Amino acid sequence: MAMPTFDVAGVSIPKIGIGTYGMDGEPASTAVSEGLKGGYRHVDTAEMYGNEVAVGEGIRASGLPREEIFVTTKVWHDHLTDSAMQAAAEGSLQRLGLDRVDLYLIHWPSRDVPVSEAVAALGWIRSRGLARAVGISNFPVKLIEEAVAASEVELAVNQVEYHPFMDQSAVLAALRRHGMGLTAYCPLARGKILDDETICGIAERHGVTPAAITLAWLIGQEEVIAIPKSSSPKRLMENLKALDVVLTEAERSAIDALRSPRGRLVNPDFAPDWD
């Protein structure tokens with residue numbers, strides 16, 4: 001099956017991408033290059049990951065034309081003023097070896113820089129041609145509303161932790177109200193899906209991995225994009241089997257029932273608790 005996309009803010013975002021958090025050097029460049037050769041068209045990185053050089057090398061090693069690859073990167077929460085964000089964006093582009101990215105996100109909100117100031121700087125990144133589209137990451141509902149109200153440009157997505165064990169219904173509802181997408185990081189719950197009887201049972205019936213079932217559940221939601229991470233070319237290809245999976249309503253409901261408001265895996269010490 002062809003890679004589906006979510007179309008927003010003038011861009012078409014492939015609904016399954018290559019996550020690269022925690023990878024660098026040859027493992028990162030190989031995962032990106034092999035994934036792109038195998039059918040992926042979306043790569044996610046960030047200033048904070050420290051791997052933009054390796055990601056850029058993987059993009060070039062794939063041999064694919066630049067226009068066929070959707071590249072997302074993010075600005076760290078201490079670079080949200082206009083001058084700092086401009087320098088951060090230019091630094092990311094230099095490390096990636098690109099003249100612009102397809103999507104540039106505020107990685108985390110900050111208590112030191114008002115949301116209105118941060119999204120204004122984000123809009124200028126787009127107007128200056130450094131990114132085709134812009135968005136946010138790790139914004140709870142309250143700050144989604146503030147960001148949308150303050151932004152003079154359309155925000156494309158909010159990238160947040162989302163997997164079968166985490167209830168993001170309130171965030172999803174807010175994003176739907178504003179026509180935005182949700183990019184799911186940690187979509188496989190750091191491997192916890194492999195121990196879940198419900199997901200494993202559905203995977204056995206479909207003859208695919210639990211990861212493929214989980215990704216099918218995620219991207220079956222119209223506005224959801226998923227960026228699973230793997231350094232294994234075999235697993236990267238197994239994850240793409242999600243594109244061939246059609247879950248029944250009963251199967252979707254069974255996975256829906258796993259969600260919990262206490263299912264969060266990622267909660268860095270610096271992250272403000274605005275929920």
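Author: Let's start with Val113, which sits in the loop between β6 and α4. Helices (H or I, at least four residues) and strands (E, at least two) are DSSP runs, numbered from the N terminus. This is a predicted model, where local features need pLDDT of at least 70 and side-chain atom pairs count only at pLDDT 80 or more, while totals for chains, interfaces and linings use all residues. Residues are numbered from 1 along each chain as its sequence is written, and side-chain values use heavy atoms, with hydrogens and water left out.

Reader: What makes Val113 buried or exposed?

Author: Its relative accessible area is 11%. Buried means under 20%, exposed over 50%, and partly exposed in between (1.4 Å probe, protein chains only), so Val113 goes down as buried.

Reader: Which residues is Val113 in contact with, leaving aside its neighbours within four places in sequence?

Author: Contact (heavy atoms within 4.5 Å) is found with Leu80, Thr81 and Ala118, once those sequence neighbours are set aside.

Reader: Where does α4 lie, and at what angle does it run to β7?

Author: Helix α4 (residues 115-127) lies across β6 (101-106), β7 (131-137) and β8 (155-161). Its angle to β7 is about 160 degrees. For such angles, axes are lines fitted to C-alpha atoms, for helices over the stretch in contact, and the scale runs from 0 to 180 degrees between N-to-C directions.

Reader: How do you know that β7 is mostly covered?

Author: Count the residues: 6 of the 7 in β7 are buried. In β8, 7 of its 7 residues are buried, and that strand is mostly covered too.

Reader: What makes β7 a partner of β6 and of β8?

Author: Two strands pair if DSSP finds at least two bridges between them. β6 and β7 have 5 bridges, and β7 and β8 have 3; both pairings run in the parallel sense. Val134 of β7 shows up on both sides: Tyr104 stands opposite Val134, and the bridge partner of Val134 in β8 is Leu155.

Reader: In what order do the 8 strands of the open sheet come?

Author: The order is β3-β4-β5-β6-β7-β8-β9-β10, with parallel pairing.

Reader: Why do β3 and β10 stand at the edges?

Author: β3 (18-19) and β10 (224-226) each have a single partner strand, so one side of each has no neighbour in the sheet. For β10, strand β9 (residues 181-185) pairs with it in the parallel sense over 3 bridges, and Leu182 stands opposite Val224 there.

Reader: How do the axes of α5 and α6 meet, and what is that arrangement called?

Author: The axes of helix α5 (residues 141-150) and helix α6 (residues 169-177) come within 9 Å and cross at roughly 15 degrees. Angles under 35 degrees count as roughly parallel, over 145 as roughly antiparallel, 65 to 115 as roughly perpendicular and the rest as oblique, so α5 is roughly parallel to α6. Val141, Ile144 and Glu145 of α5 touch Ala170, Val171, Ala174, Leu175 and Arg177 of α6.

Reader: What classes do the residues in the contact of α5 with α6 fall into?

Author: There are 6 nonpolar, no polar and 2 charged residues. Ala, Val, Leu, Ile, Met, Phe, Trp, Tyr, Cys and Pro count as nonpolar, Asp, Glu, Lys and Arg as charged, and the others, Gly among them, as polar.

Reader: What is the phi of Asn138, and what of Cys186?

Author: Asn138 has a positive phi of about 60 degrees although it is not a glycine, and Cys186, also not a glycine, has phi near 50 degrees. Asn138 lies in the loop between β7 and α5, and Cys186 in the loop between β9 and α7 (197-206). With relative accessible area at 11%, Asn138 is buried; at 17%, Cys186 is buried as well.

Reader: What makes Ser33 buried or exposed?

Author: Ser33, in helix α1 (residues 25-38), has 7% relative accessibility and therefore counts as buried. Beyond its neighbours within four places in sequence, Ser33 is in contact with Gly58, Ala61 and Ser62.
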